[in-house]
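This report goes through a single structure by topic. Please keep the sequence and the coordinates open while reading.

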Amino acid sequence: MAFFTHQVIRGISSSAVRNAAIKHVTIIGGGQMGAGIAQVAATTGHSVVLVDTNEEILKKSAKGIEGSLKRVVKKKFADKPDAGAEFIAKVMANVSISTDAASVVGSTDLVLEAIVENLKIKQGLFGALDKVAAAHTIFASNTSSLPITDIASSTSRLDRFGGLHFFNPVPMMKLVEVIGTSATSQETFDSLLAFSKALGKTPVSCKDTPGFIVNRLLVPYMMEAIRLHERGHGSKEDIDIAMKLGAGYPMGPFELLDYVGLDTAKFIMDGWVEKDPDNPLMQPSEMLNKLVAEGKFGKKTGEGFYKYK
């Protein structure tokens, strides 16, 4: 009976506050993406806790956020140094760090995960936090390739679970893909849309399908560029030039692959092939697999399709 009463109270309290604006945000993952989201959220007046298991990573993240804000100040407050310093101090005051996620999610409005693209790790994280987070708290993943439904399955708040896919670098990129599953409530989805807009971003509504919108179109395009090169129908240099000058893209597909990371591209494709092995757009590439096996992931390792000094 006590359990039943607790569940009823939990449900009532959830309904009562679910439409409230998201003000307190817990971001799990102190890498480039997590830190970027934290910066944008703090800049727009949200209270942010940035969480990672490694305190050194968190210190580096905080330093990186402050450095990024200093670059903003140089442009926006070039002739007002005091105002610029006040701006940085105000934003940084909205950011705190922690190595203990369970201890900080009790009163947060949103838990947003931006950790490694590994389904079991994400499920383990959310499964543990589901037991200690407040009833009204919305959970969201920043995954670019894993099904939100699969990640959410480790929790009991399927109606309060969605996707918020930001793009790198977060402070510069305006788009956020907001993903709803078949179980995501309209209230939750609306809250995630409103939160994205409050960050100054432009949200687009997505279904929980492979790659959502951007990557579902972008990754097959990049893979087809590799296949074109594999067939000997164009050099990587010519293909890149053709797409930049002919389609107006800022980067060619090989330049973009090196920027994104060949390991990331392969990871996405491997997941898609497993789910839809007969789809011709989702077939693996021997050239890509070879480069990844050799540890040539792109710009981050100094070599991918191109070499970087």
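## Domains and their interface

The C-alpha centres of domain 1 and domain 2 lie 28 Å apart. The assignment for the protein chain places domain 1 at 24–207 and domain 2 at 216–301; bounds of this kind come from an automatic or database domain assignment. This is a predicted model, in which local features need pLDDT of at least 70 and side-chain atom pairs count only at pLDDT 80 or more, while totals for chains, interfaces and linings use all residues. Residues are numbered from 1 along each chain as its sequence is written, and side-chain values use heavy atoms, with hydrogens and water left out.

Eight residues of domain 1 are in contact with five residues of domain 2, contact meaning heavy atoms within 4.5 Å. The size of an interface is often given as the accessible area lost when the parts come together. Between domain 1 and domain 2 the buried area is about 420 Å², and carbon and sulfur atoms give 59% of that; buried area is the accessible area (1.4 Å probe) that two parts lose on being put together, summed over both. The count of salt bridges between the two domains is one, where a salt bridge is a side-chain nitrogen of Lys or Arg within 4 Å of a carboxyl oxygen of Asp or Glu. D150 and K275 form a salt bridge, with their closest N and O atoms 3.8 Å apart.

## Nonpolar cores

In soluble globular proteins, nonpolar side chains tend to be buried together. The largest nonpolar core here has 35 residues, and L110, L164 and F166 have the most contacts inside it. A nonpolar core is a set of buried Ala, Val, Leu, Ile, Met, Phe, Trp, Tyr and Cys residues joined through side-chain atoms within 4.5 Å. Buried means under 20% relative accessible area, exposed over 50%, and partly exposed in between (1.4 Å probe, protein chains only).

Helices (H or I, at least four residues) and strands (E, at least two) are DSSP runs, numbered from the N terminus. Leaving out residues up to four places away in sequence, L164 touches several residues, among them L110, A140, V176, I179, L192 and F195.

Helix α7 (residues 186–198) has 13 residues, which at 1.5 Å a residue should span 18 Å; its end C-alpha atoms are 18 Å apart, in agreement. The expected span is 1.5 Å times one less than the number of residues. The buried residues of α7 are T188, F189, S191, L192, L193, F195 and S196. Their cover includes β1 (24–28), β4 (110–113), β5 (138–141), β6, β7 and β8 (202–207). Just after α7, G200 takes a positive phi of about 85 degrees.

V170 lies in the loop between β6 (161–166) and β7 (175–180). V170 counts as buried because its relative accessibility is 1%. Apart from residues up to four places away in sequence, V170 touches M33, G36, I37, V40 and K201. From V170 to K201 the separation is 31 residues in sequence and 9.6 Å in space, C-alpha to C-alpha.

## Salt bridges

Side chains of opposite charge can pair when their charged atoms come close. A search of the whole structure finds 15 salt bridges. One of them joins R157 and D130, with the closest N and O atoms 2.6 Å apart. R157 lies in the loop between α6 (148–152) and β6, and D130 in helix α5 (residues 119–130), so the pair ties together parts that are 27 residues apart in sequence. R157 is buried at 0% relative accessible area, and D130 is buried at 8%.

R227 pairs with E224, the closest N and O atoms being 3.3 Å apart. Both lie in helix α8 (residues 214–230), three residues apart, and so are separated by about one helical turn. R227 is buried at 11% relative accessibility, whereas E224 is partly exposed at 35%. K244 and E255 also meet in a salt bridge, at 3.1 Å from N to O. K244 belongs to helix α9 (residues 236–247) and E255 to helix α10 (residues 253–260), so the pair ties together parts eleven residues apart in sequence. Both partners are partly exposed, K244 at 28% and E255 at 24%. Salt bridges with shared partners join K290, E294, K296 and E303 into one network.
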